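Reader: Hey, could you walk me through this one? I'm new to it.
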Amino acid sequence: MADSRDEPVLEIKDLNLSYYTRAGEIPAVIDFSLEVMKGETIGLVGESGCGKSTVAMAIMQYMGSNGGIKSGSIKFKGRDLNKMSDEELRRLRGAEISMIYQEPFAALNPSLTIGTQLMEVPITHEHIPEPAAYDRAVQMLSDVKLPDPERVMAAYPHQVSGGQQQRVVIAMALLSQPSLLLLDEPTTALDVTVEAGIVKLIADISRKYGTSQIYISHNLGLILETCDRVFVMYSGEVVEEGTINSLFTWPKHPYTHGLFGCIPLPTADKNAAPLKPIRGQLPLPHERPRGCNFGPRCDFFEGGRCDDKNIAMTSVTGSGATDHRVRCLRWQEIDYGKQVAHGEVKPPMEVGEKVLEINNMQKYYEIHDRSIAALIAGKTVKLVKANEAIDFDARRGETVAIVGESGCGKSTFAKVLMGLETATSGVVRHEGNDISQIAVRQRDTKQIGSLQMVFQSPSDTLNPSHTVGNQIGRVIKKFGVESDKAKIRERVLKLLDVVKLPRDFYFRRPRQLSGGQKQRVGIARAFAGNPSMVIADEPVSALDVSVAAAVTELLMEIQREHKTTLLFISHDLSVVRYLADSIVVMYLGQIMERGSTEEIFSPPYHPYTEALLSAVPIADPEVTKREIVLEGNLPSVMNPPAGCPFVTRCPRKLGKVCEDERPPVQMAADGHAIACHIPLEELRKIESVIKVPQLDERIHVKGTKETATVD
Amino acid sequence: MLIFILKRLGFMALTMVIVSMVLFILLETNLFYKGDVATRVLGPYVSAEQREMWREQHGYNEPTYKRYFLWLGHFVTGDLGSSLRFKGPVNDILWGRLWNTAILGFWVFAIMIPVSLILGILAGMREGSKLDRTISVTSIITTSVPEFASCVIFAAIFVFGLKLLPGTSGMADGFDFKQLILPVLVLFTYDFGYVARMTRASMAEVMTTQYIRTAVLKGLPYKRVIMRHALRNALIAPFTVIMLQINWLLSGVIVVEFFFAYKGFGALLLEASLNQDIALLEACAMVAVFVAVGTQMIADIGYTYLNPRIRFS
Ligand SMILES: Nc1ncnc2c1ncn2[C@@H]1O[C@H](COP(=O)(O)OP(=O)(O)OP(=O)(O)O)[C@@H](O)[C@H]1O
Ligand code: SF4
Ligand code: SF4
Ligand SMILES: [Mg+2]
C-alpha cells in the first residue's frame, strides 16, 4: 500500500456513537472528526466518561452488544471500516490496527502461555509456520526489553509482573507491525518509574516502525510527553484540538484552561498559587444542556449566545497557533492574561509542636511457605520486612507526605498508625503516647478519635445502607463531640457545609453519590471527631482531574481551619510537591530520603528520588526535565536485595558496596537525610532534574503585548 | 503438584477411616441401633445359648475398639462379611451390582456430557440469543421434573403408548440394550439441565472477559477464539460439576433402578436397608463414600490442573 505523507492513515468524519440502554439512547460521542497521518501520535484526553474508549472501540468496530455507530465514517487507508464485512475486519484487526489495553493482566488469557498468545498473531495473519512464529515472538519480546524472552514465552501471564505483562501486550500489538496502534490508558495501572520505561519503549518502537498512534489518557502530562497533536474531549465532544505546543501554550477553550488550573503544575503552590477547581460537575450524557455542554460550569458563559444552539469547531489563528481548533463562541473575546490562573492566595500555615514522633519503627510480616523446597530447606517461615527503620516526626498543622511505588510499605505504615497492625519494634509516639503496640481495639475513644483516616476508594468504606447524615452523626456521637441529638444533627449539617455538599445530602445513601461526593463524605467523617491527625491514603488518585483538585483543596482548607496534622500517602510526586511541607521517600519498606519539600525537589538527591522526579509527567511544555529511565522492575518485598534496596535499578550504583552493605544515612542538612553510599559532596554536584522557566521567560508572556497580571 | 496429590490422597484415606468409624458405631454397637445384634441376625426363635455362641464366634464379646479394628482389617483385606438377605458373601453380590450401575452411569454420562456441554456452550456463546433462551428454558423445565415423575411419563409414552420399549429392565435373559434405554433416558433428562446451565453461565462469563476481547481484536478467526481462548476457561467450572454429578448419580439411581427393576447398586442399597442387612449396608455405604471422596479428589486435582493460576502458585 502506498502511503504518502499527505494521505492520512485514519480519517474519521462526523462520527456519532451511541449506546442503547433501558433508559434510552445515550449519545456517547458526538460529531467527532480526526485525521491521523503516518507516524503521527494523537492524544485523546478527557475526564472519565467523556467517550475516549468509545472512540477507540468504534475504530476497532467492537462496540459491544448495545453500542452502535449512528452516523459518520471511519476510513482506514481510504477504506470505510463501517462498511467492511466481518472477515475483512478480522484481517485488519491485529495486523494493521492493534490495541494496547489499560489492564494488561485482564487482557491476557490466564490459561494459555504467553508464547501461544503471541505466536498466534503471525500464524493467523501471515500463515507462517510455528518455528518461524516462535522466533518472531522471541525477537519481539527482546525488542520490548523483556529479560529472558524464552522463559517469558513458556510462562503464564500470572507468572510475570504487571510491568512485564504490559510489555507482553505491547509486543503482541506490534508483532505484525501495524500501521495504527490504539493505546487506551496503557500505563495507568503501572508504577511511575515503570510507566516512564513503557512510555519510552512505545515511543522508540513506533519511531522504528513508523507506526501511527492514538494515545488515550486522562493525564495531560503524559499526553504532552508522548503526542504530536492532542484532542481534548468534554462530555462526548472534542472541545479543543491542536498541536501539543500550540494547545499547551495557548489553551483557548475555558475547559482546557480550567483543566490546567486543576493540575498541580510545578508553578502551583498551596499558599501563593493554589489549584483552581472547575466548579460544578460533568453532565450525564442524557442531561446535557442546550448549546455549549460546558456552559453551566463556564466562567465566561453568556446567556442567549452560549445556550442558543450547538457550537461548531472554529480555527484558532494568531499567537503562534498551529493546526488549532476550538469549540467555543467566545475564544477571541476571552483574555486569559487578565485572569488569575489560580485560586485565592492564602497565608502560609504555622506549624506547632510535635504531634507524631516515629523512632526506628519496624513492621515484619511472617509468610508461611509450604513449597517442597522450603520444607526440605527447613525455611517455612519467611520474614517480609514491610517497614524497616522508619524514623520521622510530624508537627501540628504540618503536612507530611509519604511517597513511593507499590509495595514500598506506605499502607503498612498507615495500618500501624491506625492500630490495625502493631509494630514489630520501635516507637510511635502520638501526642506523647507510644501507640506502636496498641491495637485499635485497645485504644480508647479519644485516641481513636484523634487519629482518623481518609481512604483511597471511598465506596469501600462507606456503609451502603446508612444515610450520609447517619454515618457522620455516629462518628460525632462515638467520639463524644456532642451527645444531644439536635446538636449532632446541627454539627453534621455544618460538616456538610464544610465539605461543600448540599445540606439535603443528609438523607442520601452512598449509591446516590458520585466518586468525588463520596470522598467528601469520607473527609467529613474523618474530621467529625476533631482529630489532631488525619492520614490520607491516596485520597484523590481514584478521582478525575477536576474532582481531585476540588477534593485536594477542600482537604487543605479543612486542615488549615482545624490545624490538623496531615499524613498524605501518595505515589504522585506532583500532588505531593504541591501540598506537602515535608516528604518521606520510601522504597521497599525503607526510607531513602526525607526532608522538606524544597530539599527533596532540589539537589542533593537520593538516586531514587532523582529517578522518581524524572518519571513524573508534567503538563507544561516549557518545563524541561533530565531523562532518567530505570531499567527493570521493582524487586519483590519477599526478596529484597541485601545491601541498598534500590541497587537492582540504581543508575548511579557504585559497585559491590551497594550490593552488600546497607547505605549509611547522611544528613545533608538539619532534617534532610539521604540513605546512600555516594558521598554527599558528590550528590551535591548533580544538577536539578526539573527546570521551570521564570515567569517573564515564558512564551505566552513574551508573546502577548501586555504582561500577564499574576498578582 | 505431587505433594498436592499426596495430600489429597491422605485426606481421602482419613475421611474414609472416620466414616467407617461412624458406620461402625451406628450399625454394630448398641449405641444407636437398639436391640441385640445376634437377635437381629439369628431371628427371635433361637435360644439364649445359641445367641451367646454366635456372639462368641463372631467376636461380639470383645471390647468395641478391638472389634472395630478386626472389622476394619476384614474390610481392608477384602472380606466384606456375608449378607443375610442374599445368604452369601457380600463380595459375590456387590461387585456385580456395582458393575451394572457403572454401565448405566457410563451411558448416562456418555450422552449427558457432550449434549449438555455443547448446548451450554452454544447458549453461552451468544448470551440472550434465541438459541440461548430456548436452551435455558428447556434445561430449567427438565431439571425441575422429579425422577419418579419422568419414570412414569416415559414409561407411559414408550411402554404403554408407543409400545416401543420394555417396561422393566431386569435383564432376566442376559444383557439387553433395549432395557437400558429408559433408565438412561430418565437420568439423562434429570441431569443434563443442571450441567448445561452451569456451562452456559460459565461460558457467558468468559465471553465478556477482556481477554476474549483481546483475542477478537487480534484478528483471530471466531472459531479459534471459541476453541482456544474461551472453551478452556469456560470448562473449568462444569468439570467440577460433572465430577460431583457422579456422586449424585449414585443416589439418583435408587429411584430409577427400583422403578425399572434394574439390578444395580441403588436397588441393592435400598434392599439392604429395608432388610437390615448390616454387612451389605456397610459395604454399600463404604463404596458410596469411596466414590464421593474419590470424585471430589479428582475434581480438585482436575480443577488445579486446568487452572494454571493455581497450578503454579
Ligand atoms: N456499554 C455501555 N452501555 C451504556 N453506556 C455506556 C457503555 N459504555 C460506555 N457508556 C457510556 O458512554 C460514555 C462514554 O464512555 P467511555 O467508556 O467511552 O468513556 P472514557 O472517556 O473512556 O472514560 P474512562 O476515562 O472512564 O475510561 C459514558 O457516559 C459511559 O457511561
Ligand atoms: S461557548 Fe460560551 S459557555 Fe461554552 S465554553 Fe465558550 S464561553 Fe463558555
Ligand atoms: S547506595 Fe548505591 S545502589 Fe543505593 S542508591 Fe546509593 S548508589 Fe544507588
Ligand atoms: Mg476508557
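This is a predicted model: local features need pLDDT of at least 70, side-chain atom pairs count only at pLDDT 80 or more; totals for chains, interfaces and linings use all residues.

Reader: Okay, ligand 1 then. Which residues come nearest to ligand 1?
Author: Those are A:Ser48, A:Gly49, A:Lys52, A:Ser53 and A:Thr54, out of 13 residues around ligand 1.

Reader: Which helix of chain A gives the largest share of that shell?
Author: Helix 1 of chain A does, with three residues. Helix 1 spans 52–59, and along with strand 1 (10–21) of chain A it is one of the elements that each supply at least two residues of the shell.

Reader: And what classes of residue are in the shell around ligand 1?
Author: Seven are polar, four are nonpolar and two are charged.

Reader: Which backbone atoms lie by an oxygen atom of ligand 1?
Author: A backbone N or O atom of A:Gly49 lies 2.8 Å from an oxygen atom of the ligand. For a polar backbone atom of A:Gly51 the distance to a ligand oxygen is 3.0 Å, and for a backbone N or O atom of A:Cys50 it is 3.3 Å.

Reader: How much of ligand 1 does the protein cover?
Author: On its own, ligand 1 has 640 Å² of accessible area, and the protein covers 67% of that.

Reader: Next one. What surrounds ligand 2?
Author: Its surroundings include the cysteines A:Cys292, A:Cys298, A:Cys306 and A:Cys328. Also among them are A:His253, A:Phe300, A:Phe301 and A:Arg330. By class, the shell around ligand 2 has nine nonpolar, two polar and one charged residues.

Reader: And which residues are closest to ligand 3?
Author: A:Cys644, A:Cys650, A:Cys658, A:Cys676 and A:His677 are the closest of the 13 residues surrounding ligand 3. That shell divides into nine nonpolar, two polar and two charged residues.

Reader: Let's stay with the histidine. Where is A:His677 found?
Author: A:His677 sits in a loop of chain A, between strand 25 (672–675) and helix 24 (680–685).

Reader: What does the side chain of A:His677 reach?
Author: The side chain reaches the backbone oxygen of A:Glu661 at 2.8 Å. The backbone oxygen of A:Val657 is 3.4 Å from a polar atom of the A:His677 side chain. Leaving out residues up to four places away in sequence, A:His677 touches several others, including A:Leu654, A:Cys658, A:Arg662 and A:Gln666.

Reader: Switching topic: which residues does a cis peptide bond join?
Author: A:Pro603 and A:Pro604, with omega at about 0 degrees. A:Pro604 is in the loop between helix 21 (597–601) and helix 22 (607–615) of chain A. For background, most peptide bonds are trans.

Reader: Got it. And what is phi of A:Gln177 near?
Author: Phi of A:Gln177 is near 45 degrees, a positive value in a residue other than glycine. A:Gln177 lies in the chain A loop between helix 7 (162–174) and strand 7 (180–184).

Reader: Now chain B. At what angle do helix 10 and helix 11 of chain B pack?
Author: Helix 10 (residues 222–234) and helix 11 (residues 236–260) of chain B pack at about 40 degrees, and their axes are 4 Å apart. That angle is why helix 10 of chain B counts as oblique to helix 11 of chain B.

Reader: Which residues make the contact?
Author: From helix 10 of chain B, B:Arg232, B:Asn233 and B:Ala234; from helix 11 of chain B, B:Ile236, B:Ala237 and B:Pro238. By class, the contact has four nonpolar, one polar and one charged residues.

Methods
Residues are numbered from 1 along each chain as its sequence is written. Chains are lettered from A and ligands numbered from 1 in the order in which they are written. Side-chain values use heavy atoms; hydrogens and water are left out. Axes are lines fitted to C-alpha atoms, for helices over the stretch in contact, and angles run from 0 to 180 degrees between N-to-C directions. Angles under 35 degrees count as roughly parallel, over 145 as roughly antiparallel, 65 to 115 as roughly perpendicular and the rest as oblique. Contact means heavy atoms within 4.5 Å. Ala, Val, Leu, Ile, Met, Phe, Trp, Tyr, Cys and Pro count as nonpolar, Asp, Glu, Lys and Arg as charged, and the others, Gly among them, as polar. A residue is near a molecule or strand if one of its heavy atoms lies within 4 Å of it. A polar contact is a pair of N or O atoms within 3.5 Å; within protein, one must be able to donate a hydrogen and the other to accept it, and residues adjacent in sequence count only if both atoms are side-chain atoms. Accessible areas come from the Shrake-Rupley method with a 1.4 Å probe; for residues, only the protein chains shown count as cover.
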